[in-house]
Amino acid sequence: MRRACIAAAVWLSLAPWTPAQPVAVPDPSDSVLRALGAPYLSDAEKKDLRVFHGLWRDSDLDTPQRRATSALIRGALSDPSLTDPSVGVEDRAEAAAQRGELAGALALLEHTGSIRALRIRAEALEGLGRAADAAAALEGIEKRVAGARTAADLTESARALMVRARVAPQRAAAGGDFQVIVSMLARARTDLDRLYWPAHVSESAVLFSKDNRKEGGDAVMEALRLNPRSAAAWRLMGDAAVDGFNFDAAEQVARRLESLAAPEVSADAAMILARARMRQNDPDGALQALAPALAAYPAMRQVLALRAGAVALQYDQTATDRLLAEFDALSPGSPDACFQVGRALSEARQYEMSERYLDEAVKRAPHRSRPVTELGLMLMQAGRDQRALDVLTRAWEVDPFNTRAGNSLKLVRDLLTHPTVESEHFIIRYTPGPDQVLAREMPDLLETMRRRVSGRGPGGIDHDVPGKTLIDLMPDHRAFAVRIAGITAIHTMAAATGPLIAMESPREGGGHTGPYDWLRVVRHEYTHTVTLSRTRNRIPHWFTEAAAVYLEDAPRDYATCRLLDAAYQSGTLFDMSEINLAFVRPKKPTDRSQAYAQGHWMYQYIVERWGERAPLDLMDLYATGVREASAFQRVLGLSQDEFLAAFHGWAGGQLASWGMGPRAPSIRALLVRELAADETKAATLEVGLGSLLDTGAWAALTGEPGGSWRPPVPAPTQAMVDRWLLADPANPDLLELAVELTVGRPSEPTAGSETRPTQDMAPLLERYAAARPVDPLPHKLLARLYLDTDPDRAVEHLEFLDAREQSSPAYAAELARRYAARGDLPRAIGKARRAVIISPFDAASRELLAGLLVQSGDLPGAEAQVQALVVLEPGRPVHLQRLKAIRERMGK
């Protein structure tokens, strides 16, 4: 099904690497197991090695130091051993710093001068907001780096340089500190100690910070093979899962971290869960997830910063500013809380508010790459390209190795040189070349589309978007993906971010998705722009998609109807939580399509039961920050569970009107009765066919492709089906089976024939079309039949097919020819224009339209089409000849 053509408002999974499902603990490395079995090791050395590699037994934790080492590894920061005076001072300071007891960590390290102590001291100073002091503490670090002789010292040196890169300008040219750090970690894990897992953890953290998710993921998996209990490695995996919208994996990682830290509280688990819930626009759930960590570690800066971000998503400005002030009292000048608030608001498309906090984070941490990169990407999403250019240039200067920042900077530089076409409400920006043909045709069509979407007509949103909406017509899929997400491939060809709509040029060839009904797609995306504006970007994901599909003003295609039918009959319609998640992290290949389809279905139900004003009233409540459950109760008078129950009953009636839904007796039952004389066959059928009918009658009965079980029975004969139809002449399942037995299903693998339809088949096809009015099969067959025998009768069937077509101009072009043959030039021209909209770079469609315009006397219109052909096919002199002839006629 082609629902992916009608694209989401970029609530997409953007990360190319996320953990596999389910998240499993990797098997320990064979090298680690061999090292643990070395005969020359003493018992004490074996215990220390098992603890270091996370493979300890309870009996191994027989000293305070070993208990403290294991507690740090598993993230149990409040374990009593970590305050035991007999434990190494660096371990106690590390734990104190991670708990947020930063002054205490500094006091512990006052007389300690190791490289590790230097790194912990710098991190504590940075956490206190004392960036200049942190930079001063790291003065001369290069000499310490040069003297590092062990994997531990080299890794600690690299981590110290990572801190310095955040608090001071990089010393090496062109971001060379990154290259130095990666080189040091590579040497630590390859030359000095191949089993030193902290080097892999640090390497993964560096790579993830550059948006290099593939190599970062590989590094973290290797770390876990060397230490399956490393909380630091699991935290990186959980963060990657959240960034990739893989919330199931994030949940699994969080539970793993909780079990590792037990009975202590895992702050890492709490932060992963909070970020996941914030990305799902669930700030209440995020605060609930953070509560145990806040109680256990009330000074932990990361937890406090995330709490501020979650409260910001509740749109409580007073509470947000109060929490920021409290954070500043703990860590004056720290950017962390401002960054988390700005990032959370950016992800919620609260661009203006986000900019305020991200600007402050950048001001406070001018050497950190994350705040300035996030600010630049947010500005691109908001359509603020000139400022985005300035900010991303700065981001690239700070961090020239960040993939998304680099891709986005290159693109925005190009975009600002591109020509534009403007209308009253739109700016269309395009790449010089063939795309100019489409760009110059878009304004009038877009203005008509706007009046439909923003107006007060049936289903209109009744809202005017302030300012002009920018539409970026991108030359290929790669450029489109970078424009929207900063990466080079995403699963759609158009997307809205609010004030910006980006679309891939609907062209054929390599690097392109191909032709598509761009006006329908942009109408969908512009509906996002309008609903996001009306709700101040505070709208449930499914609801904005539902409104957008509703305003496509097109009938459901058959694949969508079958998908809804299968979900209804199998009891797998989504609940109100599942439907939002299905858009960003589908569990099955059909989940995203079902989310679009079911959301549209529920929106239709709301309009039909409560009236066209009900969705708008819900939007207005969302705009004030009212959550969905409360809004439903206030506008619809139902809880969400009550709404779903009522919707389910209505949906059953809808399916019946489509000739779908549960039906008795089933074909299975009919066949069992037919063969009842053979008790063995009957029993086999009764057991084996029950779960297969949703794959289609033919597949279920014959075991051909589509069914997972092959029933050991003959296929039903035409005589059998004829007898069944005598008893139930309007049964759509039987009629479908009769059609497939007679003709087959064109363009789909079937066990039937591919016989060309004949006139004597027409009554059966007409009966099936009436019994199941959503299936295109009878219309395809009747159109084929009548085009050969009675072209006028083909028109109604071609209209049915064209209304559902999104990627081919064939039906529209044929209709144009049929209407022209009737002498109905207005309709012929309308259909020819639709063919050009679907495939604007197809010369044949434009030649057809130009000829019809000449026939109608619209010479300026014909001239425009031939001018477009001159651009599209500059090597064909016939276009120039036709253009000359038209202009001569216009002159007369």
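1. A crossing of two helices is called left-handed if the near helix is turned anticlockwise from the far one by less than a right angle, and right-handed if clockwise. By that rule, α26 and α27 make a right-handed crossing. Keep in mind that this is a predicted model, where local features need pLDDT of at least 70, side-chain atom pairs count only at pLDDT 80 or more, and totals for chains, interfaces and linings use all residues. Residues are numbered from 1 along each chain as its sequence is written, and side-chain values use heavy atoms, with hydrogens and water left out.

2. Now for that pair: α26 covers residues 518-534 and α27 residues 541-550, and they pack at about 130 degrees with axes 8 Å apart (axes are lines fitted to C-alpha atoms, for helices over the stretch in contact, and angles run from 0 to 180 degrees between N-to-C directions). That makes α26 oblique to α27, a label for whatever is not under 35 degrees (roughly parallel), over 145 (roughly antiparallel) or 65 to 115 (roughly perpendicular).

3. Have a look at Asp 591 too, in helix α30 (residues 591-610); helices here are DSSP runs of H or I, at least four residues, and strands are runs of E, at least two, numbered from the N terminus. Asp 591 is buried, at 4% relative accessible area (buried is under 20%, exposed over 50%, partly exposed in between, with a 1.4 Å probe and protein chains only).

4. Zooming out, the chain has 46 helices and five strands. Of its 892 residues, 57% count as buried.
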